[in-house]
Amino acid sequence: MVTTKFKNTDIGVIPEDWKIINLSEKCNLNARIGWQGLTTDEYLKNGDYYLITGTDFKNGYIDWSNCVFVEKSRYIQDKNIQIRKNDVLITKDGTIGKVAFIENIEKPTTLNSGVFVLRSNDENLHSKFIYYILRSFYFDTFLNKITAGSTITHLYQKDFVHFNFILPNINEQKNIAKVLSDLDTWINSLEKIIEKKCLVKQGAVQKLLVPKIDWTIKKLGEIAQFRRGSFPQPYGLDKWYDDDKGIPFIQVYDVDKNRKLKRITKRKISVLAQPMSVFVPKGNIVLTLQGSIGRIALTQYDAFCDRTLLIFEQINSEIDKFYFLLGVEQIFKSEKEKAPGGTIKTITKEALSNFNISFPKSLEEQKNVAKLIFDMDIEIESLEKKLNKAKQIKKGIMQQLLTGKIRLLN
C-alpha cells in the first residue's frame, strides 16, 4: 500500500509528487481571428464542412446534429482551427467556459469566432485529462475569479495565462481520465434511456388521449366545480407567513412539471392568514393560472392555496380523477401550440369553463389509460433519480481523484 504525502499549494492541498503547471505554457490555444469576414448568412443547413458554434455543446461533447455547415473556402481559411480528434473546445463568448471533447469527427470541421480549440504541446499532458480539468472545480474557481462582480461575456486568450492546475504523471492522468470517462458513459446511457422513455410516453399520450368517435365531449364547467385560491392583502406582509410552524402554502412556484407539488413549498402560511386563504386537502387537483400557466398537480399534502391557482373541488363521477388531470393537461398543451410564441399570456376561470374535454364513456377504460401513463411517469422519475445519483457519485469521485485523495498509480 502506497502512503501519499501532501503539500500546500496556491490551488489547494495536493500530493507531493504532483506538479502545478500553467495551461498557456503547456497548451496551444487557437480561435478564429475576429470573424474573418464570416457572417451568419454563410451558415448552411447541409454541406461537407461542419462549423461548430457555442450552441452545439451538449453534456461535454458536440451535438453534431445541431451543427451548421460552411463552404470549403471557410474550412481551409485557417489551419489552426481545423478540428482534430482529441481536441478540447471551450466557449469564449456568450455562456463562457462550456467545454467539449472531440471523440470522433464525422466531417471536416472548423470553428466560429466564439470557440477556442485547445491542444497539448507536451507529450506528458494527456488531452482527455485536460478536458476533465476544464470540467472540474479547478476551472470553475478560475472562471469565478475572473468574472467576480462583473458581467463578463467573453474569455480572452490572455486570461489563460492565469490558469494553473495539477499535473500527476502521464499514467495517472490516463487512469483518472479513464475512470471519469467510464462514469460519463454510465451517465450518458441513463440519459439516453430517459430520453427514449420520454419519447415512448409522449407517443402513448398522444395516441391514448386523442378523442375517438364514440367518446363523450363536455365543457370543463359541466364536468367539474372549481374555484380560485386566495390570500390576504397586501401580499408581502411578514405576519401572513410562518415558515417554521405554518402550514404549506402553494403558489405557482410550488407546482412542479411532473404533475406534483414540490416536496417543500417556498413559504408556509401563518395561523393569522389561514382564514383568508383557501384550504386544499391532500389528493386534490390544482392548476396554475398565472406565470407558467397550465401546470397541473395532484396535491401530496394538505396546504393552503393563493389566487394564482385554481382548485378543482369536485369532479363528476362519470370521469376518473386521474384521467381528468391528464385531459386538462392536454388541453393546455394544445392551447399553448395555438398561442403566439407557444405561451399563454392569460387565462380566466370563465374561459377555462368553456374548454372542451373528451373522454371514453367507460370509466374502466379511463382508469386503465391513466394508470398506464402514470406508471410511465413513475418509471421515468425513478430513472431520473438514478441519473441524479450517478452525477453526484461522479462529482464525489472526481473531487477525490483530482485532489489525490484517491490514487490510480497502476
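A pocket, on a 1 Å grid over the protein atoms alone, is an open set of points with protein on both sides within 12 Å along at least five of seven lines, whereas a cavity is a set of points where a 1.4 Å probe fits but cannot get out; lining residues have an atom within 4 Å of a point. Welcome to this predicted model, in which local features need pLDDT of at least 70, side-chain atom pairs count only at pLDDT 80 or more, and totals for chains, interfaces and linings use all residues. Residues are numbered from 1 along each chain as its sequence is written, and side-chain values use heavy atoms, with hydrogens and water left out.

**View 1. The largest pocket and its lining.** The space in the largest pocket comes to about 1,200 Å³; a volume here is the space filled by probe spheres set on the grid points, which are joined across faces, edges and corners. Its lining has 38 residues, and K201, R259, E329, Q330 and K333 lie nearest the centre. At least two lining residues come from each of α5 (170-208), β20 (296-298), α7 (321-338), β23 (356-359) and α9 (363-401). Such helices (H or I, at least four residues) and strands (E, at least two) are DSSP runs, numbered from the N terminus. Helix α7 gives the most, with 10 residues. By class, the lining divides into 14 nonpolar, 11 polar and 13 charged residues. Ala, Val, Leu, Ile, Met, Phe, Trp, Tyr, Cys and Pro count as nonpolar, Asp, Glu, Lys and Arg as charged, and the others, Gly among them, as polar.

**View 2. A close look at R259.** This residue, one of those nearest the centre of the largest pocket, is found in the loop between β16 and β17. R259 is buried, with a relative accessible area of 6%; buried means under 20% relative accessible area, exposed over 50%, and partly exposed in between (1.4 Å probe, protein chains only).

**View 3. The second largest pocket.** Here the volume is about 540 Å³. Of the 18 lining residues, K58, Y61, I62, N188 and K192 lie nearest the centre. Strand β7 (61-62) and helix α5 are the elements that give two or more residues to this lining, and the largest share, 7 residues, comes from α5. The lining has 5 nonpolar, 5 polar and 8 charged residues.

**View 4. An open sheet of four strands.** The 4 strands follow the order β17-β16-β21-β18, with mixed pairing. At the edges are β17 (267-269) and β18 (278-280), each pairing on one side only. From one strand to the next the twist averages 45°, where axes are lines fitted to C-alpha atoms (for helices over the stretch in contact) and angles run from 0 to 180 degrees between N-to-C directions. Inside the sheet, β16 (residues 247-250) and β21 (residues 303-305) pair in the parallel sense over 2 bridges; two strands pair if DSSP finds at least two bridges between them. Look for I250, which stands opposite C305 in β21.

View 5. Strand β5 (residues 50-52) runs antiparallel to β8, joined over 2 bridges, and Y50 has F69 as its bridge partner.

**View 6. Strand β12 and its partners.** Because 5 of the 6 residues of β12 (residues 115-120) are buried, this strand is largely enclosed by the rest of the structure. Strand β4 (residues 27-30) pairs with β12 in the antiparallel sense over 4 bridges, with N28 opposite R119. Strand β9 (residues 88-91) is also antiparallel to β12 and joined by 4 bridges; there, L89 has V117 as its bridge partner.

**View 7. Two loops with backbone details.** A cis peptide bond joins Q233 and P234, with omega about -10°. P234 lies in the loop between β15 (224-228) and β16. In the loop between α2 (72-76) and β9 sits N86, whose phi is near 75°, a positive value in a residue other than glycine. N86 counts as partly exposed, at 36% relative accessibility.

**View 8. Helix α3, mostly covered.** Of the 8 residues in α3 (residues 127-134), 7 are buried. They are K128, F129, I130, Y131, Y132, I133 and L134.
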